[in-house]
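Please find below a note on the structure, arranged as numbered points.

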Amino acid sequence: MVSPELARHLTEISRRLGRQIGVLLGRDGVIRHVIVGNAHRLDLPDVGRLRGGVGRFRGLRLVHTHLKGEPLTQDDLNDLALLRLDLVAAIETLPDGLPGRIELAHLAPPPATATEEINGHDLAPFERIQAPDVHQLKFDVDATMRALEQEFARITSDAGATDKERALVVGLVPDDEHFEETLELVRSAGVTVAGTARQRRSQVHPRTVVGAGKLQEIVLESMRRRASVAIFDIDLKPAQARAFEDATGLKAIDRTQLILDVFAQRAKSRDGKLQVELAQLKYSLPRLTEKDAGLSRLAGGIGGRGPGETVMEIGRRRIRDRIASLEKEIESLSRQRDLRRRRRREEGVPVLSIIGYTNAGKSTLLNALTGSQVEAADKLFMTLDPTSRRLRFPREGEVVITDTVGFIADLPKDLIAAFRATLEELADADLLLHVVDVADPRMEQKLQAVEKILRELHLDDRQRLVVLNKADLVEPDVARAQAERHNGVALSAAKRQGLADLIHVAEERLGRERPLMKEYGRPAEEAAGV
Ligand SMILES: Nc1nc2c(ncn2[C@@H]2O[C@H](COP(=O)(O)OP(=O)(O)OP(=O)(O)O)[C@@H](O)[C@H]2O)c(=O)[nH]1
Ligand SMILES: [Mg+2]
């Protein structure tokens, strides 16, 4: 790990200067950097970032002196973790300048299974080895690092060698339910939750999102869990995300980006795809970095600065052009929809729009009412594109029912724009059927979150009927009480129970004398894209 000669050299100089002296050694034993610190610590030079180098080590080890033979400090371990050093070693500097005790630390091997539920903190993240002096230290750097790297590699292949991204989910909001929802979103995005890290204080570090200690923990967890991405349960400022990425080498994804990613995977219609792309571009514009623009950081310095700017500007201009053309196209699609809706209005067909928190059972309700086949699943944001079904009953008149994208708490403004098609539908609705999952312990909060979004969209003047869905999952009393409380209707869309009640109450609310539908669920005619 270190030759006795080098060790002695370091301690001698250290004693003379009264400062810590360190060297960064490559695996070949060649000195890459020499660092002179003060009496208590050293600051390592910028050794560049090791991006996405999951489970890989830098191939550099820090060997340095401690003037009083103090044990490895938190700073030492921080350097080890954040810089992904092979190991960090401290050599005691004896009063006569000779090397004394030696202590080293390296990352502990990863847990046995990569997917094991995370309580990683019961496992010590570091392995520490001590020896009374350099001569008595039995430690084979090469063999140890090879074994460690193999251990980490094995974890990936154990994970089923999927090409799924593995994420460390970082919770900064103390609320457990909020964190659960973030995990749900991550799974809905098709990303594997490799591990989690939470912070109990709801404090966000202004520069790096989390403080130094948490950064270290996150890097360690990500290495041990082979995660290459950190997903946050809050939104990050562009500079924060960048600082976090620089400090940890992990890709940082915030809540908006996560939701956008789910949207992108769900969008099926042309409309939906264009809107999601637009939202993504608008999101990425202020976050564009030189690296994304195809300029490596090595190209900086003399002669590098000018072109760097230019490449970025080209990137920005391309994005802006694309945004403009997307907006134009979306606008024209919106006019077409407007025409269709105007026809509908002229015909005097009442519109019922199904709204509600994501996964409440909106699509299931539409399917139950109209016998259609909108995809419903236990996933967040299964539905993105609004679907309208027109039901025609020769004697009783007709009604249009629209299924819409689900809402979610703290929906960022940029994302609301992505719902444009949905919003237009809602603006037309005569009655909003607000579906809630009556079996959800968070029902009340979700109901409020949806109401809040409606206010933001200036749709709170619309008539609403609360539909307490999934009544089959709770005691009848509970469902009944909730229905009373919210002046709504309890039913089970999946079991097709209580649908007649819903129709009945909806009719009342719309103030129609004649029933809207005589037989729900068996439409006389059904037309997509009404
Ligand atoms: N037990 C029970 N499950 C239901 C009921 N209605 C819907 N579900 C289930 O709830 C899950 C979500 O249903 P969806 O209809 O996809 O919900 P959604 O509100 O359209 O969700 P998004 O489109 O993702 O926002 C599915 O697994 C449904 O099978 C119900 O009445 N009872
Ligand atoms: Mg749906």
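1. Helix α2 (residues 74-82) packs against helix α5 (residues 212-225) at an angle of about 40 degrees, and their axes lie 9 Å apart. Axes are lines fitted to C-alpha atoms, for helices over the stretch in contact, with angles running from 0 to 180 degrees between N-to-C directions. α2 is therefore oblique to α5, since angles under 35 degrees count as roughly parallel, over 145 as roughly antiparallel, 65 to 115 as roughly perpendicular and the rest as oblique. The crossing of α2 past α5 is left-handed (the near helix is turned anticlockwise from the far one by less than a right angle; clockwise would be right-handed).

2. On the α2 side, Gln74, Leu77, Asn78, Ala81 and Leu82 make this contact, and on the α5 side Ala212, Leu215, Gln216, Val219 and Leu220 (contact means heavy atoms within 4.5 Å). By class, seven residues are nonpolar, three are polar and none is charged. Ala, Val, Leu, Ile, Met, Phe, Trp, Tyr, Cys and Pro count as nonpolar, Asp, Glu, Lys and Arg as charged, and the others, Gly among them, as polar.

3. The model is predicted: local features need pLDDT of at least 70, side-chain atom pairs count only at pLDDT 80 or more, and totals for chains, interfaces and linings use all residues. Residues are numbered from 1 along each chain as its sequence is written, chains are lettered from A and ligands numbered from 1 in the order in which they are written, and side-chain values use heavy atoms, with hydrogens and water left out.

4. Asn78 belongs to helix α2. This residue counts as buried because its relative accessibility is 11% (buried means under 20% relative accessible area, exposed over 50%, partly exposed in between; 1.4 Å probe, protein chains only). Leaving aside residues up to four places away in sequence, Asn78 touches Leu83, Ala212 and Gln216.

5. α5 also packs with helix α6 (residues 238-248), at an angle of about 60 degrees and with axes 10 Å apart. The crossing of these two helices is right-handed. Leu215, Ile218 and Val219 of α5 meet Phe244, Ala247 and Thr248 of α6; five of the residues in this contact are nonpolar, one is polar and none is charged.

6. Ser363 (OG) and Thr383 (OG1) coordinate the magnesium ion (ligand 2) at 1.9 to 2.1 Å. Donors are N, O and S atoms within 2.8 Å of the metal (3.2 Å for Na, K and Ca); water is not among the atoms, so the site may look incomplete. Both Ser363 and Thr383 are buried.

7. The protein chain has 15 helices and 16 strands (DSSP runs numbered from the N terminus: helices are H or I, at least four residues; strands are E, at least two).
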